[in-house]
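Here is a short report for a reader new to this structure. Take a look at the model before reading on.

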Amino acid sequence: MDFIVDLFSGNGLATTLIYICITGFVGVMLGKLSIGKIKLGIAGVLFTGIILAHFGARFNGDMLHFAQEFGLILFVYAIGIDVGPRFFSTFKSDGLLLNIFALCIIFGGFGIAIAIHYLFNVPAEVITGVMCGAVTNTPGLGAAKQVVSDFNAANPSMAIDDSMLGSGYAMAYPLGVIGIILSMILIKAFFRIRIPKEVDDYNESLGAGNKLESVVVKITNQNLFGKTIDHIVSFVDKELVFSRIERKGEFLVPTADFVIEEGDIVHGVSDDNNIENLRIKLGNVEVGQKAEIDGDLVMRRFMITNHKIAGMTLEQLGIFRRYAANITRIYRAGFEVLPTKRTTIEVGDAVRVVGKKEIMPQIKAELGDSISEWSHPNIIPLFMGIALGLLVGSIPFFIPGLPAPAKLGLAGGPLLIAILLGWKGRIGDMTFYMNSGANMMLREMGIVLFLACVGLGAGAKFVETFLNGGYMWVAYGFAITFIPLIIVGTVARIMKINYLKICGFMAGSMTDPPALEYANGLSATHAQSTAYAAVYPLTMFLRILLGQTLVLILL
């Protein structure tokens with residue numbers, strides 16, 4: 001058994017990996033424990049690493065640094081690919097206003113951190129770690145740590161203890177989570193908000209939103225009698241998708257050469273903003289009317305997994321021309337897309353097809369719908385994207401007043417490239433789609449590696465730091481968390497923003513899943529998650545950029 005003692009008393013690569021794995025295992029289990037509705041979540045990994053290091057865990061510093069940085073890269077790249085498809089669309093509708101609120105929270109906390117530094121003479125590395133912990137943003141901590149590492153390499157005589165970043169983060173993190181939830185509770189109490197009314201208001205507001213509806217259109221425009229579906233589609237392509245035609249009580253498939261007759265009733269899908277246009281062009285329209293699909297017609301949902309057809313438009317694919325079937329809806333990145341002739345399909349899209357039962361196997365074979373293909377990770381674009389992100393992250397750019405050039409770094413570069421690649425979807429024959437299972441695995445693996453290494457690196461001095469004044473860092477962190485949230489949340493409510501949306505953008509402005517989990521527990525609506533997702537991409541990008549900007553400004 002001596003080899004076990006030697007293994008854990010050394011600091012070799014195997015010892016380091018074992019401690020990282022133990023930290024990850026125990027930390028994830030610890031994060032699942034809850035007190036009321038509050039859980040440590042993934043921060044349990046950080047605190048486990050601190051505890052192990054405090055009690056003497058030893059490790060190889062170079063190995064720990066590599067695992068930490070590589071974990072951060074995997075984490076931010078997975079986030080970027082996930083949010084990329086909806087990054088720019090979040091600025092539509094009230095998404096722009098929600099992002100403005102989030103920006104006020106972000107820069108409010110940034111300003112408070114700078115003020116604390118000068119008022120209380122808090123070292124740059126400490127207040128940066130405290131700020132990252134107060135806003136519960138781990139990638140920002142990673143970006144700041146890289147800046148300090150680069151500074152130390154360039155200025156060995158003025159080297160800074162970067163473990164203070166991790167210590168400050170760990171001190172501020174718990175009250176960071178609590179501060180977000182507390183601000184939600186206080187706003188609810190101050191304005192005497194009743195959740196059922198907020199739910200009703202939100203559901204009512206959806207009626208004026210931009211969403212897909214099942215529609216039934218009775219053709220009354222006499223100019224269309226005797227015309228083919230292909231002719232009609234040419235001027236309603238962006239407004240209506242034909243699902244089936246009802247003629248004398250019988251349902252028929254509207255193929256391209258199908259001829260419309262007087263009395264025909266079209267069943268289809270439209271954007272609710274197009275209803276009035278359809279009434280003018282076609283005839284009487286009823287919204288939300290669904291007729292059962294019977295006879296030899298069926299409705300099927302297929303997943304696009306055939307890479308050969310990815311990037312094609314629906315017109316190029318030609319399902320409606322070659323089969324007695326139509327694609328009536330496309331589901332992509334959590335959104336419904338109204339399919340037009342010029343709509344492209346991508347790997348990972350789910351499509352709803354209505355048509356004759358006997359031809360569905362042929363359509364399925366053409367679209368793919370293969371579980372094995374869908375679950376297979378897209379490795380080549382992953383490494384290409386990361387490499388490109390690292391190159392972009394290494395480009396220095398000069399900001400007046402900073403003592404050194406700033407960089408997007410190991411966090412910001414891959415995140416920016418991943419957002420752009422996720423939004424673009426493909427370049428030539430290369431698709432950057434990553435299925436949800438692979439994305440979640442990459443994200444969880446990355447964040448566990450990063451936090452385990454941060455905890456192990458900061459743990460040896462954590463208790464000593466806390467007793468020697470570190471307890472004040474907790475108060476500083478709470479100020480950075482609570483003050484911007486309560487001010488912006490109050491202003492938003494005065495402006496009549498739905499409370500559930502306020503909870504969502506407050507949690508999103510802190511990129512904090514535990515706070516979102518608390519907000520989601522208020523009601524079963526999607527208001528909180530939608531608002532969270534609307535502000536999350538821009539928030540994540542700015543948190544990473546400001547994490548390194550703060551330490552550069554104050555060094």
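## A histidine in a strand

A polar contact of 2.9 Å joins the side chains of His267 and Glu246. Such a contact is a pair of N or O atoms within 3.5 Å; within protein, one must be able to donate a hydrogen and the other to accept it, and residues adjacent in sequence count only if both atoms are side-chain atoms. His267 sits in strand E6 (residues 265-271). His267 counts as buried, because its relative accessibility is 5%. Buried means under 20% relative accessible area, exposed over 50%, and partly exposed in between (1.4 Å probe, protein chains only).

This is a predicted model: local features need pLDDT of at least 70, side-chain atom pairs count only at pLDDT 80 or more, and totals for chains, interfaces and linings use all residues. Residues are numbered from 1 along each chain as its sequence is written, and side-chain values use heavy atoms, leaving out hydrogens and water.

## The open sheet

An open sheet of 5 strands runs in the order E5-E4-E6-E3-E7, with antiparallel pairing. Its edge strands are E5 (250-252) and E7 (283-287), each pairing on one side only. Strands (E, at least two residues) and helices (H or I, at least four) are DSSP runs, numbered from the N terminus. Two strands pair if DSSP finds at least two bridges between them.

Strand E4 (residues 241-247) and E5 pair in the antiparallel sense over 3 bridges. Glu250 in E5 is the bridge partner of Arg247.

## Helix H16

Helix H16 covers residues 379-393. At 1.5 Å a residue, its 15 residues should span 21 Å, and its end C-alpha atoms are 21 Å apart, which agrees. The expected span is 1.5 Å times one less than the number of residues.

Which residues of H16 are buried? They are Pro381, Leu382, Gly385, Ile386, Gly389 and Gly393. Seen down the axis of H16, the buried residues fall within an arc of 130°, so they line one face. That arc is taken from the directions from the helix axis to the C-beta atoms. The face turned away carries the exposed residues Ile380, Phe383 and Leu391.

## Two loop residues with positive phi

Most residues other than glycine have a negative phi. Thr136 has a positive phi of about 50°. Thr136 lies in the loop between helix H6 (124-134) and helix H7 (138-154). Thr136 is buried, with a relative accessible area of 5%.

Lys496 has a positive phi of about 70°. Its loop runs between helix H19 (462-494) and helix H20 (499-509). Lys496 is exposed, with a relative accessible area of 72%.
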